[in-house]
Amino acid sequence: MKKLAAIVLIPLFLIGCSSEQTIQVAGITTDEEKRAEIESLIRDKKDVYTGTAIMAEDEVLIAIQVNPWVGFKEQKVEKELQKEIEEKYPELNVLVSSDFKMHWETQKLLEEEDEKKVTDEVKKLKDLAKEET
Amino acid sequence: MDPQEYQQIEQQNTPPTPYLKNCLKAFLVGGIICAIGQAITFLYMIFFDFTDKTAGNATVATMVFIAMILTGLGLYRKLGAFAGAGSAVPVTGFGNAVVSAAIEGKTEGWVLGVGGNMFKLAGSVILFGVGSAFFIALIKLILVSMGVVEW
Amino acid sequence: MILFPSKPSIVACSAVAGPVESKSVFYSYFDSVSEDERWGQKTNEQGHSKMIQEACDIVMKKADLKNLDVDFFLSGDLVNQMTPTNFAARELAISFIGLFSACATSVSSVIIASLLTEVGASRFAIAGAASQHNAIERQFRYPLDYGAQKPATAQWTVTAAGYALIGKHDPKLPSVVAATVGKVVDYGEVSPFHMGGAMAPAAYDTITSHLKKRHQKITDYDLIMTGDLGKIGLKILKAMFAQTDATQEELEVFRDAGAEYYGEDEAFQSGASGAGCSASVYFSYIEQQMKTGRYKRVLLVATGALLSPMSFQQGETIPCTAHAIEITME
């Protein structure tokens, strides 16, 4: 019984406690420099453990997941990041979201090749994120 | 025999409430119920256009619906007898309180029976829930305007 | 203490129970067990009433009597204003007095019936009590389907009715020779989920007072059976007698209908309760055991907790009573 518990629990602890950040940025038309810049901005936020940025034309959607321990600060982190990116690139239409739905959808968009489809999808997701009820 | 002497005899012969065991059972069942709720939230988010924010309402509705079915089948009573607070504290417990009272009132008709009895148990939950939410918000508003915390 | 020199007899008995009670250890002694908790009626209260009627019909049939031959109907239940009993009395059309001693009504009604027989006012009187689980739980506790955790001291209200037909003395039948009407005793118990603990002092008080006035010992009885103290309540009662130097042999005389009702099934926690609990055991199992001669002298002590849902919400303690009848078989 104890052995079983150990087998089940140890991987959980290992996964749960890993401080590795996974930051992925995708954008076919945007230049490499911008992508790297945004990636480093997200990476600077220590509380973020997964960040996925989708860039399509002027639209940028960044989905972040914060560490469960600071779950309550989720929206604060979200706002800070949004502000930073907006200041740096006022010409871009940015939305940073900590919503799990955004994370899920952006993960799928990473693989998408069709530029137009990505743009439409990003616009749709942004509308969804603003929905209140 | 005076009352004090009797109290002693009574206590010696009454089995103690197994608080630790009850807590563990409540923790386990309550946790399972919440895990099911979380799974439903994810299902809504993955298969439908719900976000973290909007999936909450749909999940609560679904959980209350499940609790309603279980109450009607007489299964929630058995779960409650085992889990105690574990099944009473999640929103399913609220659903159970509403539905069980409504079923019981059925024999007195729809208006006075079902309508009048429905919130017999859950009514105080609503009252004190709304009341305490108001006061907590008020405290936070005061703290924010004093500059102690941010929204 | 009341003595009955003419020794009114228990002419016939009936016990009717609901579906859950088919699990009871006394199941084989019951006259009829319904498969429907509501006896085919629309509401629980109507079913309750129907159950009382059925029990009364059976007891009259057993003695080969019609309702015109019965002079009094003495009964009670636990629902507000005793409507199930009142409605059953409407159908029976027998002179009726409703009695309320909570779960002790099974015995208090027999005491009144024996008195009426003793003074010659009654040839035959039906006495007893009934309770229906759904109707009573709803009134005293939570809605039926509400998932609540009950402590180990909680008891299960039975769905059962027990009635006895009290008539003139017959040496071949069990007869009521003496009775004690209990005082109301309150030792400060407040939990409606610990009835056994609240009622045990009342039972103790009534039993000791009966034995003292009759100049008897515990061992003069083959059996002293309390109504619905439950497993824990019975333990407390025995501990009280042990405190006053009762021997192990004497303690063996005590039994409790509620504690034994559902056997060792843990789903029923401390055991059975309700007015029908003592009534359906006394007026089936005990009567039949006395007729076969297993018991010659028994003391039936029905206990009742005199609370209402409002009284314990207002923080009142639970006053309890116990009534006793001494039944002998020649």
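**Close-up views of a predicted model**

View 1. Apart from neighbours within four places in sequence, His48(C) is in contact with Asp77(C), Val79(C), Pro84(C), Ala130(C), Ser131(C), Gln132(C), Ala135(C) and Ile136(C). His48(C) itself belongs to helix H1 of chain C, which covers residues 44–62, and its relative accessible area of 0% places it among buried residues.

**View 2. The interface of chain B and chain C.** Chain B brings 32 residues to this contact and chain C brings 29 residues, and the area buried between the two chains is about 2,600 Å², with carbon and sulfur atoms giving 55% of that area. On the side of chain B, the residues that lose the most area to chain C are Tyr6(B), Arg77(B) and Glu104(B), which together account for 25% of what that side buries.

**View 3. Polar and charged pairing between chain B and chain C.** The count of salt bridges between these two chains is one, and the side chains of Arg138(C) and Glu108(B) meet in a salt bridge with an N to O distance of 2.6 Å. Across the same interface there are 12 residue pairs in polar contact, both residues of each pair being at pLDDT 80 or more. Helix H1 (3–13), helix H2 (19–47), helix H4 (75–83) and helix H6 (91–105) of chain B each supply at least two residues of the side that touches chain C, and by class this side of chain B has 13 nonpolar, 13 polar and six charged residues.

**View 4. A salt bridge between Glu84(A) and Lys45(A).** The side chains of these two residues meet at 3.1 Å, N to O, and the pair links distant parts of the chain, 39 residues apart, with Glu84(A) in helix H3 (residues 74–88) and Lys45(A) in the loop between helix H2 (32–44) and strand S2 (48–56) of chain A. Glu84(A) is partly exposed, at a relative accessible area of 30%, whereas Lys45(A), at 13%, counts as buried. Salt bridges that share partners join Lys45(A), Glu80(A) and Glu84(A) into one network.

**View 5. A salt bridge between Glu326(C) and Arg214(C).** The side chains of this pair meet at 2.7 Å, N to O; because Glu326(C) lies in strand S14 (residues 320–328) and Arg214(C) in helix H5 (residues 195–214) of chain C, the pair ties together parts that are 112 residues apart in sequence. Glu326(C) is buried, with a relative accessible area of 0%, while Arg214(C) is partly exposed at 22%.

Note on methods: Residues numbered from 1 in each chain as written. Chains lettered and ligands numbered in written order. Predicted model: local features only at pLDDT ≥ 70, side-chain atom pairs only at ≥ 80, totals over all residues. Heavy atoms only, no water. Contact = heavy atoms within 4.5 Å. Buried area = accessible area lost by both parts, 1.4 Å probe. Salt bridge = Lys/Arg side-chain N within 4 Å of Asp/Glu carboxyl O. Polar contact = N/O pair within 3.5 Å; in protein donor to acceptor, adjacent residues only side chain to side chain. Helix = DSSP H or I, 4+ residues; strand = E, 2+ residues; numbered from the N terminus. Nonpolar A, V, L, I, M, F, W, Y, C, P; charged D, E, K, R; others polar. Buried < 20%, exposed > 50% of the residue type's maximum accessible area, 1.4 Å probe, protein only.
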